[in-house]
Amino acid sequence: MMKFSKETRQRAIEKLQERELDLLIIGGGITGAGVAIQAAASGLETGLIEMQDFAEGTSSRSTKLVHGGIRYLKQFDVEVVSDTVKERAVVQQIAPHIPKADRMLLPVYDEPNSTFSMFRLKVAMDLYDLLAGVTGTPLANKELTKEEVLEREPQIKAEGLLGGGEYLDYINNDARLVIENIKRANEDGALVASRVKAVGYLKDENGKVTGVKAEDVLTGKTFEIKARIVINTTGPWSDVVRNMDNADAPILQMRPTKGVHLVVDSSKIKVPNATYFDTGLGDGRMVFVIPRENKTYFGTTDTDYHEDLAHPTVTKEDVDYLLEVVNNRFPEAKITLADIESSWAGLRPLISGNNASDYNGGDNGAISDESFDNLIATVSRYLNKEASRDDVTEAIVSIESNSSEKSPSTISRGSALDIDANGLVTLAGGKITDYRKMAEGAMQAIIEILAENYGRRYTLVNSKTYPVSGGELNPSNVESELETIASLGVKRGLELADARYIANVFGSNAPRVYNLAKDLEAAEGLSLRETLVLHYTMREEMVLTPVDYFLRRTNHLLFMRETLDELIAPISNEMAKFLGWTDEEKVAHLADLDKVLAESDLRAMKEAN
């Protein structure tokens with residue numbers, strides 16, 4: 001049975017032309033996926049189109065953490081952190097197979113312009129635990145002495161090290177979170193198609209948007225989709241999509257910044273946990289070094305971006321910058337360009353002039369105990385709803401009064417919901433962790449409009465408890481449930497390690513992957529695990545190209561680069577058979593994959609070196 005495949009896409013495109021939808025979503029990254037799952041679960045006639053593959057633009061290019069944003073506590077941006085840590089707990093409930101709790105290590109150095117002193121870090125961590133509700137639990141933060149930091153990470157630079165802290169964070173699989181939301185929306189009746197691009201709007205005589213003109217990118221055919229409400233969830237493309245119709249008075253709201261990550265073998269840098277530190281260059285930025293599978297990856301840079309939105313690339317400057325930072329912090333690592341196995345660049349859809357929650361005092365000066373105690377007390381009262389947001393702001397302002405020009409890395413990650421005069425709804429900004437909450441705010445507005453203007457009444461699903469596809473597991477018992485699921489895979493003839501891999505990636509859908517073994521044998525050149533995973537993603541995750549598979553449904557291209565070359569031929573042969581490619585199509589898909597690999601491998605940069 002094909003639940004979400006090339007055929008499903010074709011059927012969705014046909015049905016999108018036959019009816020008037022309640023809601024059409026443009027953009028299939030995490031924001032659109034979050035809106036789609038809530039809309040479909042609430043019974044709205046829902047459609048979603050994405051011009052590339054799901055998560056291709058931005059939502060597969062993050063730091064891959066469900067991050068609590070402790071950096072914002074440096075700006076005392078309490079509301080952002082409060083929302084984020086609460087929301088992170090919700091994501092862990094609805095997608096328990098995706099975010100994995102982990103401890104983050106933050107070393108503190110005695111350096112000019114460092115983000116945290118030991119005192120500020122301790123306060124930030126205590127505040128963070130208070131907001132996350134983990135004070136007094138095994139997940140609570142720990143202050144570390146210099147010796148304890150070095151014991152955990154012997155390779156880290158000892159000179160200038162004052163100590164550090166450990167606090168709760170979550171490792172994430174960003175693209176998987178998107179596809180699992182979209183699969184659930186599809187199960188609930190949403191009409192979803194990748195590689196369909198909005199190219200214009202349909203309007204009534206009053207100039208109100210009543211749908212879109214769309215192009216099937218695979219065939220070049222254009223068609224119309226009618227919808228009572230259209231929502232733009234296109235991330236960095238938000239302005240472009242709003243202005244398709246608005247050439248006279250273009251809206252310019254977005255200020256995208258580019259982040260870059262580089263992957264090396266873990267033998268180059270051993271870190272037991274994700275580690276987060278100042279660059280040491282006095283530029284106010286911080287960098288992550290994160291272990292994943294048998295690799296270590298590090299990033300991110302944060303630079304304003306004005307080029308092609310569809311194609312952010314890793315430049316020599318990005319690489320030089322990150323290597324300088326990481327080699328300075330890990331003096332024995334001596335990483336060179338040749339050591340980089342893979343890389344990725346992505347845009348953050350930041351909103352310019354975002355003052356919604358934006359206290360970026362930058363003076364790092366000493367704080368009087370009195371004003372500081374006042375802040376902590378005010379925050380506690382705020383959390384207990386005894387003080388207002390303004391009281392917190394006032395307590396912050398009395399500490400931090402220096403609001404200089406903001407650098408890209410201090411622009412806060414707030415989101416915005418706008419309804420333009422033509423009725424187009426735009427949901428932009430935010431960060432992956434907040435996707436459900438952003439979607440909920442948008443859906444409340446959409447449900448109101450449908451009731452008021454169209455007499456169509458819906459009750460919004462409780463999205464805090466509505467699991468994504470694969471998420472039907474007990475969140476407080478994930479490990480043992482996945483272990484039980486893995487035993488089913490062993491019964492289907494898989495090795496235990498392979499069965500566990502599938503259970504960890506696909507959660508409660510893993511038995512559907514294992515069950516394909518009833519009709520499938522290992523394809524030529526592939527293991528049984530690879531054959532089953534490939535077929536499942538083609539049948540149930542709308543994989544249409546080798547890049548979709550290697551980069552976004554699995555992280556093979558990023559974190560298992562050394563075994564990829566031998567899989568290219570057998571995987572593309574199996575795809576060609578199943579998807580019915582012509583020889584020309586196969587050649588084109590392989591050329592695309594090679595282009596993506598050349599970029600990820602930094603091939604041109606290495607050759608020029």
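Trainee: Leaving aside its neighbours within four places in sequence, with which residues is glutamine 38 in contact?

Mentor: Please keep in mind that this is a predicted model. With the neighbours within four places in sequence left aside, glutamine 38 is in contact with Arg436, Ala439, Glu440, Met443, Leu460, Val461 and Ser463. Glutamine 38 itself lies in helix 2, which covers residues 30-41, and one of those partners, serine 463, makes a polar contact with it, side chain to side chain, at 3.3 Å.

Trainee: Is glutamine 38 buried or exposed?

Mentor: Buried means under 20% relative accessible area, and glutamine 38, with a relative accessible area of 1%, is therefore counted as buried.

Trainee: Where does serine 343 lie, and what does its side chain reach?

Mentor: Serine 343 is placed in strand 16, and its side chain reaches the backbone oxygen of serine 600 at 2.9 Å. Because its relative accessible area is 5%, serine 343 is also buried. Beyond its neighbours within four places in sequence, its contacts include His261, Val314, Leu558 and Ser600.

Trainee: Let us turn to the rings. How many aromatic pairs are there?

Mentor: Ring centres must lie within 6.5 Å to pair, and by this rule the count comes to 9 aromatic pairs. Tyrosine 128 and tyrosine 167 form one that is edge-to-face, with 5.1 Å from centre to centre and 75° between the planes. This pair links distant parts of the chain, since tyrosine 128 belongs to helix 5 (residues 118-132) and tyrosine 167 to strand 6 (residues 161-171), 39 residues apart. Tyrosine 128 and tyrosine 167 are both buried.

Trainee: Which kind of pair do tyrosine 297 and tryptophan 344 form?

Mentor: Tyrosine 297 and tryptophan 344 form a tilted pair, 5.2 Å centre to centre with 50° between the planes. Tyrosine 297 is in strand 14 (residues 295-299) and tryptophan 344 in strand 16 (residues 342-348), so the pair ties together parts that are 47 residues apart in sequence. Both residues, tyrosine 297 and tryptophan 344, are buried, and together with Phe559 they form one aromatic cluster.

Trainee: Over the ring of which residue does the charged end of arginine 529 sit?

Mentor: The charged end of arginine 529 sits over the ring of tyrosine 501, at 3.6 Å from its centre. The charged end of arginine 184 likewise sits over a ring, that of tyrosine 466, at 5.7 Å from its centre.

Methods:
Residues are numbered from 1 along each chain as its sequence is written. This is a predicted model: local features need pLDDT of at least 70, side-chain atom pairs count only at pLDDT 80 or more; totals for chains, interfaces and linings use all residues. Side-chain values use heavy atoms; hydrogens and water are left out. Rings of Phe, Tyr and Trp (its six-membered ring) pair if their centres lie within 6.5 Å; planes under 30 degrees apart count as stacked, over 60 as edge-to-face and the rest as tilted. Helices (H or I, at least four residues) and strands (E, at least two) are DSSP runs, numbered from the N terminus. Buried means under 20% relative accessible area, exposed over 50%, partly exposed in between (1.4 Å probe, protein chains only). A charge sits over a ring if NZ of Lys or CZ of Arg is within 6 Å of the ring centre and within 35 degrees of the ring normal. A polar contact is a pair of N or O atoms within 3.5 Å; within protein, one must be able to donate a hydrogen and the other to accept it, and residues adjacent in sequence count only if both atoms are side-chain atoms. Contact means heavy atoms within 4.5 Å.
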